[in-house]
Amino acid sequence: MFNKDSMIAKFANIEDFGTDEYQKNYFELEEFSNRFLKSALKFNFFPKDYPWPIDPFHNWSRIWEYPFVWKQIKDIKGTGRNFLRIADLGSGLTFFPWFLASKGNQVCALDNNS
């Protein structure tokens, strides 16, 4: 993630994933994902021909990606920015944009499959 204030790109370290903060972020996101998925399935949110996994959080890299990104966003918000405008490029039909919006952010999710 690029931090324009410090002009430093931040990358996840393998050690980050063993921290209490990662665990807290992971379980917060997992809880939201489970609620989102339950509602999405109830209301037929996903098209019948949707080619991607229905449970995106537990698929591929998102179990690392989303907690890392959420930590970076919380760090930015910790500097006094309570409202962020966030673009989720290549978002797919996932819970993550909804999660970020539920935290008081304006989110634009873009994907050619959404």
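**Charges, fold and aromatic cluster of a predicted model**

The protein chain carries 14 positive and 14 negative side chains, and the centres of these two sets are 8 Å apart. The structure described here is a predicted model, and the values below were computed from its atoms.

The protein chain contains four strands and three helices. Read from the N terminus, the order of these elements is β-β-α-α-β-α-β. The C-alpha trace extends over about 45 × 30 × 20 Å along its principal axes. The radius of gyration of the protein chain is 15 Å; a compact globule of 114 residues would have a value near 13 Å, so the two agree.

Of the 114 residues in the protein chain, 32% are buried. The accessible surface of the chain amounts to about 7700 Å², and carbon and sulfur atoms account for 58% of this area. Contacts were also sorted by the separation of the residues in sequence. Of those between residues at least 6 apart, 56% join residues that are at least 24 apart.

Aromatic side chains were examined next. A pair of aromatic rings is described by two quantities, the distance of the centres and the angle of the planes. The search of the whole structure gave 18 aromatic pairs. In one of them, the ring centres of F95 and F96 are 6.3 Å apart and the planes stand at 80 degrees; the pair is edge-to-face because planes over 60 degrees apart are classed in this way. F96 also forms an aromatic pair with F99, with 6.3 Å from centre to centre and 10 degrees between the planes, and this pair is stacked.

F96, with a relative accessible area of 4%, is buried. F99 is at 1% relative accessibility and so counts as buried too.

One aromatic cluster is formed by F17, Y22, Y26, F27, F32, F57, Y66, W70, F95, F96 and F99. The cluster thus includes the residues of the edge-to-face pair, F95 and F96, and those of the stacked pair, F96 and F99.

Definitions and conventions. Residues are numbered from 1 along each chain as its sequence is written. This is a predicted model: local features need pLDDT of at least 70, side-chain atom pairs count only at pLDDT 80 or more; totals for chains, interfaces and linings use all residues. Side-chain values use heavy atoms; hydrogens and water are left out. Helices (H or I, at least four residues) and strands (E, at least two) are DSSP runs, numbered from the N terminus. The radius of gyration is taken over C-alpha atoms; the globule rule is 2.2 Å times the number of residues to the power 0.38. Buried means under 20% relative accessible area, exposed over 50%, partly exposed in between (1.4 Å probe, protein chains only). Contact means heavy atoms within 4.5 Å. Accessible areas come from the Shrake-Rupley method with a 1.4 Å probe; for residues, only the protein chains shown count as cover. Lys and Arg count as positive and Asp and Glu as negative; His and the chain ends are not counted. The place of a charge is taken as NZ of Lys, CZ of Arg, CG of Asp or CD of Glu. Rings of Phe, Tyr and Trp (its six-membered ring) pair if their centres lie within 6.5 Å; planes under 30 degrees apart count as stacked, over 60 as edge-to-face and the rest as tilted.
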